[in-house]
Amino acid sequence: MDAIEERKVYRLVLTGGPCGGKTTGQSRLCTFFENLGWKVFRVPETATILLSGGIKFADLMTDEVYKFQENLLRTMIQIENTYFELGRTSNKNCLIICDRGFMDASAYISKEKWDRMMRSNNWNPVELRDNRYNQIIHMVSAANGAEDFYATEEHSCRSEGVTLARELDYKAASAWIGHPYFDVIDNSTDFENKVNRMIECVCQKLGIDIGDRLSITSRKVKFLVSGPMPPDSAFPAFQDFDVVHHYLQCAGPRVQARLRKRGQNGRWSYIHTIRRPQQHGQSVEVRTQLSHRDYVNMLTQQDDAHFTIFKKRRCFLVNNQYFQMDIYKEPSHPRCKGLILLETYTSLTGERLKNILPKFLNIVKEVTGQPDYSMFNLSLREDWNNTKKFCYSLHDQDDGDVKTNGHTQKMINGKA
């Protein structure tokens, strides 16, 4: 692989509610990555550019508001494309930070008008939400969990009261429900650590080893959910996806590779994931977005020792926490029948973690780090008692003992 192919272009949307720390976070993120030797582009907020020209929403008629939103989105796409093209031709790794993104506009228009706008412009959310951006980060408003700081914040353009700010914050976050890499940075820590958690979150997704520079605290947690599923009306706003996973052949036991196809209404996104051990006790997943052609070509490397995994994935937001719930579907190994797993990323533990979990689900227990609930092991064709492929930990060289980490599951091909 030549140097051009190895360069990264990472398209990040930084969004959030009023007084969430978006402006400060963008500046800090820019400095951090420039210090790593990356080229950083900051895409300005399209709404701010247009509104600074004298447009006042209060003066617009209903039809004018609709056309303004439509033209805003067309302008946003062109502005972003300009930066995306510069990223592709850069001779360095490139981080492109978008000050809000396409789906943010859906928070300020009715669903009926939004759907009409999508149809008339031949836009679809899988392309413009899931495929257009690598990651979405929502900085929760200080009005939701840090009210004292919101009340004392001075901002020349900020007129929202605390109640309205909370509503706007939820709408902005809900607009991105369904993106495969959507992270919500809440106010559970002080502001300095809030910004550090945001930077850490980007580094984790990129597979960049930052050691203890940002005091890593966030980790993926997983819970077993018992059926039957509650009715859809019990859930907050959600997005459902069909998900298909294929494990690929790998050269060594300490690396796992898989393909993922994820879609709605016949529109798909494709991801290649390599999972490997990393220093500082973290297992890192490096993800690469694929074209359909690349996906089909890589399917020839499928590992016949594993079943293809079929799921329905439901994404939703509860208590400022973004959840993904996987419902395993047939065909599969009998061990997966009726299996429902709930995942989220958080820095909370103990009772604080328990309190943010969805109350409308029957959560049986936490299974974070338990090899019996790893998708790699669940997909194995052989019975676990008869296979040598069962994975305990990516980090440990020796076979035999079950080893887990309180933060991240670690696996290696071992003997049952």
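Predicted model: local features only at pLDDT ≥ 70, side-chain atom pairs only at ≥ 80, totals over all residues.
**Helix 2 and its surroundings**

Helix 2 covers residues 22–35, and its 14 residues should span 20 Å at 1.5 Å a residue, which agrees with the 20 Å that separates its end C-alpha atoms. Seven named positions of helix 2 are buried, namely K22, G25, Q26, L29, C30, F32 and F33. Seen down the axis of helix 2, these buried residues fall within an arc of 165 degrees, so they line one face of the helix. An α-helix has 3.6 residues a turn, so residues three or four places apart point the same way. On the other side of helix 2, by contrast, T23 and N35 are exposed. What do the buried residues of helix 2 pack against? Their partners are strand 1, strand 2 (39–43), strand 3 (94–99) and strand 4 (135–139), together with helix 9. After helix 2 comes G37, which has a positive phi, near 95 degrees.

Helix 8, made up of residues 162–174, contains D169. Is D169 buried or exposed? With a relative accessibility of 2%, D169 counts as buried, because the cut-off for a buried residue is under 20% relative accessible area. Leaving aside residues up to four places away in sequence, D169 touches G16, G17 and P18, then H138, M139, V140, S141 and N144, and also N320.

**Backbone features in loops**

Two cis peptide bonds can be described, and each involves a proline placed in a loop. The bond that joins G227 and P228 is cis, with omega about 0 degrees, and P228 is found in the loop between strand 6 (219–226) and strand 7 (238–247). The bond that joins E330 and P331 is also cis, with omega about 5 degrees, and P331 sits in the loop between strand 12 (321–329) and strand 13 (340–346).

Positive phi values also occur in residues other than glycine, as the table shows for C19 and R100.

| Residue | Phi | Loop | Relative accessible area |
|---|---|---|---|
| C19 | about 55 degrees | between strand 1 and helix 2 | 14% |

How much space lies in the second largest pocket? The volume is about 1,100 Å³. This pocket is lined by 34 residues, of which R7, K8, R287, T288 and Q289 are the closest to its centre. Two or more lining residues come from each of helix 1 (3–6), strand 1 (9–16), helix 4 (62–89), helix 6 (125–131), helix 9 (191–206), strand 9 (267–277) and strand 10 (283–290). Strand 9 supplies the largest share of the lining, with 7 residues. By residue class, the lining of the second largest pocket divides into 16 nonpolar, 7 polar and 11 charged residues.

How values were computed. Residues numbered from 1 in each chain as written. Heavy atoms only, no water. 1 Å grid on protein atoms, 1.4 Å probe; cavity = no way out; pocket = protein on both sides within 12 Å on 5 of 7 lines; lining within 4 Å. Points joined across faces, edges and corners; volume = space filled by probe spheres on them. Helix = DSSP H or I, 4+ residues; strand = E, 2+ residues; numbered from the N terminus. Nonpolar A, V, L, I, M, F, W, Y, C, P; charged D, E, K, R; others polar. Expected span 1.5 Å × (residues − 1). Buried < 20%, exposed > 50% of the residue type's maximum accessible area, 1.4 Å probe, protein only. Arc of directions from axis to C-beta. Contact = heavy atoms within 4.5 Å.
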